[in-house]
Each structure stands twice: as structure tokens, then as C-alpha cells.
Amino acid sequence: MTRTFNRRRALGVGAGTLAALATGGAAAQAWPSKPIRWVVPYTPGGITDSTTRIVTERLTAGLGQNIVVDNRPGANSLIGAEAVAKATPDGYTILTVIAGHAANATLYAGKLSFDPVKSFAPVSLMGIAPVILTVSNDFPPKDVKELIAYAKANPGKVSFGSSGVGAAAHLTTELLKQTAGIEMVHVPYRGTAPALQDLISGNIQVLIDVPSSMMPQVRAGKIRALAMFSKERLEAAKDVPTIVEAGGPPIESSTWMMALAPAGTPPEIVERLSKEVAKVVALPEVKERFASMGIVPAGYDPARTGKFLADEVALWAKVIQTAGVKPEQ
């Protein structure tokens with residue numbers, strides 16, 4: 001009797017497990033059956049928001065469902081990221097993050113209700129935007145080599161701005177300082193716009209940010225561009241040399257736009273969304289829009305996206321720890 005009971009029980013459990021798997025598979029195959037919410041943890045109009053909207057507008061055709069972009073700014077992107085980390089992992093809530101997300105893993109380690117890496121399933125790296133080094137018009141150095149020499153001759157007298165502590169702009173400048181062996185004073189702002197205004201006014205001398213923010217002012221003659229933190233010149237700024245061409249160290253740095261889903265999202269859904277994103281960023285019209293913004297299309301698969309994020313977390317962790325960067329209170 002015992003053997004018969006156990007055998008029947010085992011068969012029942014097996015059947016239940018198979019049924020659950022079949023149900024889960026069917027749900028993944030039916031996805032999406034309703035609109036998707038795509039969270040952008042920044043205000044509308046910036047490069048993160050614009051990139052997300054360019055991609056999501058075209059994703060609707062491949063997915064057959066509308067995508068609603070939900071801007072949830074605040075706390076260095078942590079408000080929006082937390083909302084997605086705690087959302088139901090059913091493929092109906094997606095998040096766009098940038099390089100600051102990788103820095104948050106170190107800046108806020110042990111202080112968050114979620115993990116910037118473990119709480120998410122990598123979906124796709126959508127695009128990479130190398131950052132550009134700009135200076136005020138009255139700043140004497142004409143290239144990066146002269147900037148380094150000037151900073152060494154005037155330690156602590158050169159100030160640089162950033163869009164905030166832990167942003168790609170901030171950490172790239174820290175990386176330049178560490179690599180070149182120079183001292184510059186950090187002046188953090190709440191966003192790129194006020195930092196850019198102080199650069200134009202000459203209140204700060206150096207500002208690193210994305211080309212889409214800086215090049216209009218460069219072309220207007222209000223600031224000067226010294227170098228791009230990339231191996232090759234960008235289509236959107238062909239007259240701006242790479243940092244090596246400008247006499248600086250071989251540093252590559254960028255912000256980037258990455259799609260993440262809550263951890264536990266069915267892999268079939270993650271894979272399908274990743275493939276659809278790759279199709280979108282390969283479209284000629286999207287490549288053209290990206291190029292005008294200084295963005296290089298990526299379209300990485302989930303595994304490669306996860307590896308990219310892990311590498312970025314490790315890179316910025318070292319920079320943060322060496323510079324002693326602390327999060328804003």
C-alpha cells in the first residue's frame with residue numbers, strides 16, 4: 001500500500017509540476033496580451049527618455065501592444081529602479097537605466113531595499129553614448145595634453161562640474177584625474193543644464209557630458225570641445241578628436257541606455273523582448289536618429305547585456321573607491 005500510495009503521490013506531483021510548467025510556457029507565449037509599462041527614472045526630454053521613446057515607439061509593431069513610457073525621476077534614478085525591482089516579473093514592467101545605475105551598486109551598497117544588479121534580469125543594451133570633454137572659452141588649454149599640464153601646474157585650481165554625484169560625467173572626470181595624475185575640484189549640480197550654464201559663464205572650467213547636451217553649445221561658440229572619450233570620432237561630432245588624438249590617455253567612457261526587467265521574469269519573455277529591441281536599433285531610421293544624438297546602436301542579447309553591466313559595475317567601483325566618492329545625502 002505504501003509503495004502504491006507513494007507512487008501515485010509522486011505521479012500526482014509530477015503531473016502538477018508539468019501542468020505548472022505548461023501554464024507558465026503558455027503565459028510566456030501569449031505575452032504580451034496587454035500594454036507594457038516602461039519606466040524611465042529621469043525627467044522627460046533627456047537622452048535616457050529620448051532613447052527609450054525612439055525604441056518603444058517602434059517596438060509596438062513587433063510586439064502588437066502599446067508601450068506606455070512612465071517617467072519616475074528622483075534620488076539618482078533609485079525611485080524608478082525600486083518601483084521596477086518590486087514589480088510583478090511578468091514582462092509588463094520594464095526599466096531603462098544608464099551608467100549611473102552601475103555606479104549606484106557601489107555608492108548605495110547595503111543601503112537599498114533592492115540590489116541594482118541581482119534584482120533585475122538584463123534584457124538589452126540599446127545604445128552607447130561616448131561622453132565629450134568640454135571647457136569654458138576663457139580656459140587657456142587648447143587640447144587635453146595642455147589641460148593635463150595646466151592642472152599639474154595649478155593643483156586644485158581647476159574646477160569641473162557634473163550632473164550629479166555618481167553620474168557618468170562625474171566618474172569619467174575622476175577616472176581622468178586618476179589616470180593623468182591631476183587634481184581638479186568637483187562641483188556637483190542637479191542636472192546637466194545648470195552645470196552647462198556655469199561652464200558658459202566661466203564659473204567652472206571643465207564639464208564632461210553626452211554630445212547631445214554639449215554640441216549645440218559648442219557649435220554656437222559658447223564653449224569649446226577638447227575630446228571625445230571614444231576610440232573613433234563620432235558621426236555627430238566629426239571635428240572633435242578622440243582623447244588620444246588630443247594628447248590624453250587612452251580612456252574610453254560613455255553613458256549607455258539599457259533595458260532591464262524585474263528578476264524572475266520568464267526567460268522566454270526576456271529573450272523575445274531582447275530580439276525585438278535588436279531589430280529596432282538596427283533600423284536605418286533609428287540608426288540615423290541615434291547618430292544625430294551621438295549614440296552608437298548596440299542591441300546586445302541578455303547574456304552580453306549582463307556581462308556589460310557587470311563590467312561597468314566593476315569599473316566604476318574601482319574609480320569610486322579610489323576617489324572616495326560618497327553619495328549625496
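Residue K177 is found in helix α6. With a relative accessibility of 12%, K177 counts as buried, because the limit for that class is under 20%. The structure is a predicted model.

**K177 and helix α6**

- Leaving out residues up to four places away in sequence, K177 touches F160, I182, E183 and M184.
- Helix α6 covers residues 168–180 and lies across strands β6, β7 and β8.
- The direction of α6 is at about 150° to that of β6.

**Packing of α6 against α11**

- Helix α11 comprises residues 302–323, and its axis lies 10 Å from that of α6.
- The two helices pack at an angle of about 70°, which makes α6 roughly perpendicular to α11, since angles of 65 to 115 degrees fall in that class.
- The crossing in which α6 passes α11 is left-handed.
- On the α6 side, the contact is formed by L171, T172, E174, L175 and Q178.

**The five-stranded sheet**

- An open sheet is built from 5 strands in the order β7-β6-β8-β5-β9, and its pairing is mixed.
- Strands β7 (185–188) and β9 (223–228) form the edges, each pairing on one side only.
- From one strand to the next, the twist averages 30°.

**Strand β6 and its partner β7**

- Strand β6 spans residues 159–162 and runs parallel to β7, to which 4 bridges join it.
- Within this pairing, S159 has V185 of β7 as its bridge partner.
- F160, one of the residues touched by K177, stands opposite H186 in β7.
- In a regular strand, side chains alternate between the two faces of the sheet.
- Strand β6 is covered on both faces: S159 and G161 are buried on one side, and F160 and S162 are buried on the other.

- Strands β5 and β9 are antiparallel and pair over 5 bridges.
- S136 stands opposite I223 in β9.
- Strand β9 is mostly covered, with 5 of its 6 residues buried, although β9 is an edge strand of the sheet.
- Helix α8 (residues 211–219) lies across β5 (132–136), β8 and β9.
- The direction of α8 is at about 135° to that of β9.

**Packing of α2 against α10**

- Helix α2 (residues 47–63) and helix α10 (residues 284–292) have axes that come within 11 Å and cross at roughly 175°.
- The two helices are therefore roughly antiparallel to each other, as angles over 145 degrees are classed in this way.
- From α2, the residues making the contact are T51, I54, V55 and R58.
- From α10, the residues making the contact are E285, V286, R289 and F290.
- The contact of α2 with α10 divides into 4 nonpolar, 1 polar and 3 charged residues.

**Loop residue T242**

- T242 is located in the loop between β9 and β10 (254–262).
- The relative accessibility of T242 is 3%, so T242 counts as buried.
- Apart from neighbours within four places in sequence, T242 is in contact with A227, M228, S230, K231, E232 and R233.

**Loop residue P44**

- P44 is located in the loop between β1 (36–40) and α2.
- Apart from neighbours within four places in sequence, P44 is in contact with D49 and N71.
- P44 and R72 are 28 residues apart along the chain, and their C-alpha atoms are separated by 9.4 Å.

Notes: Residues numbered from 1 in each chain as written. Predicted model: local features only at pLDDT ≥ 70, side-chain atom pairs only at ≥ 80, totals over all residues. Heavy atoms only, no water. Pairing = 2+ DSSP bridges. Axes fitted to C-alpha atoms, helices over the stretch in contact; angles between N-to-C directions. Contact = heavy atoms within 4.5 Å. Parallel < 35°, antiparallel > 145°, perpendicular 65-115°, else oblique. Left-handed = near helix turned anticlockwise from the far one by under 90°. Buried < 20%, exposed > 50% of the residue type's maximum accessible area, 1.4 Å probe, protein only. Nonpolar A, V, L, I, M, F, W, Y, C, P; charged D, E, K, R; others polar.
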